[in-house]
Amino acid sequence: MLSRVISFDEVVKTSIETFRNTFGAEPELAACAPGRVNLIGEHIDYNDGFVLPMTGLALQLGTVIVGRRNGTGSTCDVVTCSDSIQEGTKRAQFDSSTIAKGSPK
């Protein structure tokens, strides 16, 4: 099955348009993280030594975030453009002051 891979520029444009349409304002920041797989053996301690040795490979996935401060100090309002998320659940709001720093495990 072939599917169309959209360009990075298209993803950013869609993200900015979604932000404008949702919040009625321009985003103040943008960030991107490319999708990668890195299975070269540095995580054997919690996998019983079983790893698949390979070098880092770029994936056709990535994450783009655009945003701005909303003046509330702690309220986060998040919207996703992902087609794999069901309509009606694409927006979440939470109070970031209730998030406690975790301990490494």
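Let's start with one side chain: at 31% relative accessibility, F23 counts as partly exposed, because partly exposed covers the range between buried (under 20% relative accessible area) and exposed (over 50%), using a 1.4 Å probe and protein chains only. Keep in mind that this is a predicted model, in which local features need pLDDT of at least 70, side-chain atom pairs count only at pLDDT 80 or more, and totals for chains, interfaces and linings use all residues. Residues are numbered from 1 along each chain as its sequence is written, and side-chain values use heavy atoms, leaving out hydrogens and water.

F23 has a partner. A search of the whole structure finds one aromatic pair. The ring centres of F19 and F23 are 4.9 Å apart and their planes stand at 50°, so the pair is tilted. Rings of Phe, Tyr and Trp (its six-membered ring) pair if their centres lie within 6.5 Å; planes under 30 degrees apart are called stacked, over 60 edge-to-face, and the rest tilted. F19 and F23 are separated by about one helical turn because they are four residues apart in helix α1. F19, at 8% relative accessibility, counts as buried.

Now let's step back to the whole chain. It has one helix and four strands, and from the N terminus on the elements run α-β-β-β-β. Helices (H or I, at least four residues) and strands (E, at least two) are DSSP runs, numbered from the N terminus. Of the 105 residues of the chain, 7% count as buried.

Is S15 buried or exposed? With a relative accessible area of 10%, S15 is buried. Leaving aside neighbours within four places in sequence, S15 is in contact (heavy atoms within 4.5 Å) with V64, V66 and C81.

S15 also leads us to the largest pocket. Its lining has 43 residues, and S15, V64, I65, V79 and C81 are those nearest the centre. The elements giving two or more residues to this lining are α1, β1 (29-37), β2 (57-67) and β3 (75-79). Of these, β2 gives the most, with nine residues. On a 1 Å grid over the protein atoms alone, a pocket is an open set of points where a 1.4 Å probe fits, with protein on both sides within 12 Å along at least five of seven lines; lining residues have an atom within 4 Å of a point.
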